Amino acid sequence: MLEIEQACHFTPWSEATLRDCFRQNYLIYGALTEHDELLGYCIVQVIANEFNLMNIAVCPSHQGQGIGAQLLARLLESAAAVTAQIWLEVRVSNAQAIRLYEGFGFKVIGKRPHYYRCATGYEDALVMWWHGEHATT
């Protein structure tokens, strides 16, 4: 996970932060090859009937192959099974991720100014929300 994390994010989580997510109140989904090689993961914090998608990443050499969509579909199945809603933040510059989320029925409901560190300082995050009964797919 750490290798994928470092390859995918401008400010990657530390090993300690990733390890801390392997405890109660978190869900972690992984995409594996037939030889158990990790290709991607998502980390979700669960609080009551709310899922907060904290992190999602796919190995750069496997991006664009639908792995992120598979991880997201699995998350939505889990949320729908317990009637949970999902929240997330995404960089305003991450058009590919925004399209993916919108394709799964997420709606933009707000913006967090200067939320993510980037090469030029900070950039805004869009706050997105999903709930099964409001989803379009």
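Strand 3, helix 3 and strand 4 form a right-handed β-α-β unit. Keep in mind that this is a predicted model. Let's walk through the unit piece by piece.

Start with the two strands. Strand 3 covers residues 50–58, and strand 4 covers residues 85–91. They pair in the parallel sense, over 4 bridges.

Now the helix. Helix 3 runs from residue 67 to residue 81. How far apart are its end C-alpha atoms? They are 21 Å apart. That agrees with expectation, because 15 residues at 1.5 Å a residue should span 21 Å.

Which residues of helix 3 are buried? They are Ile 67, Gly 68, Leu 71, Leu 72, Leu 75, Leu 76, Ser 78 and Ala 79. And what covers them? The cover includes strand 3 and strand 4, the strands of the unit itself. It also includes strand 1, strand 2, helix 4 and strand 6. Just after helix 3 comes Thr 83, with a positive phi of about 55°.

Next, the other neighbour of strand 3. Strand 2, residues 38–47, is joined to strand 3 by 8 bridges. This pair runs antiparallel, whereas strand 3 and strand 4 are parallel.

To recap: strand 3 pairs antiparallel with strand 2 and parallel with strand 4.

Note on methods. Residues numbered from 1 in each chain as written. Predicted model: local features only at pLDDT ≥ 70, side-chain atom pairs only at ≥ 80, totals over all residues. Heavy atoms only, no water. Pairing = 2+ DSSP bridges. Right-handed = clockwise from strand over helix to strand, strands pointing away. Expected span 1.5 Å × (residues − 1). Buried < 20%, exposed > 50% of the residue type's maximum accessible area, 1.4 Å probe, protein only. Contact = heavy atoms within 4.5 Å.
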